Amino acid sequence: MQSDVVLSAAHWAYLISVLVIIITMMFRANVVVPSVIGTLAVVTAMTGSPIQGFISIFSASFVAAQELFNIFLVITFMTALLNSLKRLEADVKMVAPFRKVMVNSTSSFLMIAAATYFISLFFWPTPAVPLVSAILLPAAIAAGLPPLVGAMVIAICGQGMALSSDYIIGVAPGISAKAAGVGADVAILADRALVLSWITGAVALTLAFLMMRRHFKPADSRLLDEWMRRAPDSTLDDVESQGTYDKAEIARGTAGNEHTAHSGLSAKEERYSRILAFITPLAFLAVIGIMVLPRFIPSLPVLRGGDAAGLVGGVAFMLMMVATCMAEGPRRMLDTCPDHMTDGFVFAFRAMGSVLPIAGFFFLGASEATSAILGTPLDKTPSLLFELISAGQHLIPDNHFLVAFGVLLVGVISGIDGSGFSGLPLTGTLASALSPVSGLEIETLAAVGQIGAIWTGGGTLIAWSSLIAVAGFARVHILDLVRALTVPVLAGMGISTICAVLVFG
């Protein structure tokens, strides 16, 4: 049925800008400039005032920063905690126990998967790649696991499963929920993204195991000697230069971050290191319990809105203080903690700062955000994307699977530039607009788009993403790794999208 919505110049400016941004993503280029130009064009067309258009370039990013600053704080606190743990090598000790059970190829496959997911869920894949590669991968290769398979497992569990749900830190679901206009229900979106990430990862890991099983070898120390003689892939530097902001920053963050199994700590520091390696994961497991248990025990209090992110950040800050006190002493802790915080802020803005103008543009698609950007009453502010979808409602297939796979495809396309997070404002806003006309829940569509964007650009299918770091540490060719991951990851995303429609609707 044809809609009665009359499209204005602002609608067409928004639609054309979205198409330009998608095409720019397909060419692997940074989309900040097209987003800023799009914001200028849309607001100028909407208000008839070029001056208001120029003002909106600032105000759109400012509104986005207000909406997303809690995410920056969580990244800051978690990065500060990680830096404090590295001082006593507690990060290494958190992973080392996995090494003891790596006696053959199959056990090594499973242990690398578990360790990578465990670390990446708490700290993103940034420390997981060098930690697992330096501590566990050599033991796995000596046990008969091919380096290419080890790299596949690290990418699937770190850049794929852990980052696409981002359940603990909450950056991805936070951006998706804000863009979709369901910020108060971010927990629902995060839960669904977590389940979909598990399905995608389980399928990808199973296919990777079955496809590569014939290459597994008996344990032999000579395999490790052969691997150590390999030179890192010489094409990595060339490919890395094609990456974009946030994921390229995370990839560079892992470079040169070598870990060794040999400790130079004193007996006292060694004891503190073991304590921190024990209490840090225990604290975050408790956080997970507080976040998850109310879903099963209704009498327990439920964390609303940004409370979950706040809890994660608060726990991280307190752990950082404890770790710094153990490493530096109470007096020096007062000076060192602010330094860790500064380093955390620097990393947060390097990794995520460019998302702000992109989010600012896509927020123009929803009337609530547009009202805040322009300072106009909500009832007099258009909802551009919703009205565009309504106008083209007769063109949208009346099939839940086609709509869900369409959002997944948009997510995949948005990840082609090598950035998993830059497409989330697009997929979130699109989910909000398509939900009323498709009958699928907003949280489900946003979670599907999030899976497509981050599994693609986060570092499993794109050679110029942070997959660079995985290939470099594993000493395998980046394009061989991409080819090996393509079928398992695409199959996993397809099956998880089907499950999203059948289970969540």
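## Glu441 and its partner

Let's start with Glu441, which counts as partly exposed because its relative accessibility is 35%. Keep in mind that this is a predicted model. Which residue does Glu441 form a salt bridge with? The partner is Arg192, and the closest N and O atoms of the two are 2.7 Å apart. Glu441 sits in the loop between helix 20 (424-438) and helix 21 (442-460), while Arg192 belongs to helix 9 (residues 186-212), so this pair ties together parts that are 249 residues apart in sequence.

Is Arg192 buried or exposed? Arg192 has a relative accessibility of 13%, so it counts as buried; the cut-off for that is under 20%. As for the general idea behind such contacts, side chains of opposite charge can pair when their charged atoms come close.

## A pair within helix 15

The whole structure holds 10 salt bridges, going by a search through it. Another one of them brings together the side chains of Asp335 and Arg331, at 3.2 Å from N to O. Both residues are in helix 15 (residues 330-352), and because they are four residues apart there, about one helical turn separates them.

Arg331 has 55% relative accessibility and so counts as exposed.

Glu328, with 22% relative accessibility, counts as partly exposed.

## Two loop residues with positive phi

Now for something about the backbone. Where is Glu89 found? Look in the loop between helix 3 (50-87) and helix 4 (90-95). The phi angle of Glu89 is near 60°, which is a positive value in a residue other than glycine.

Arg475 also has a phi near 60°, again positive in a residue that isn't glycine. You'll find Arg475 in the loop between helix 22 (467-474) and helix 23 (478-504). Its relative accessible area is 22%, so Arg475 is partly exposed.

Key: Residues are numbered from 1 along each chain as its sequence is written. This is a predicted model: local features need pLDDT of at least 70, side-chain atom pairs count only at pLDDT 80 or more; totals for chains, interfaces and linings use all residues. Side-chain values use heavy atoms; hydrogens and water are left out. A salt bridge is a side-chain nitrogen of Lys or Arg within 4 Å of a carboxyl oxygen of Asp or Glu. Buried means under 20% relative accessible area, exposed over 50%, partly exposed in between (1.4 Å probe, protein chains only).
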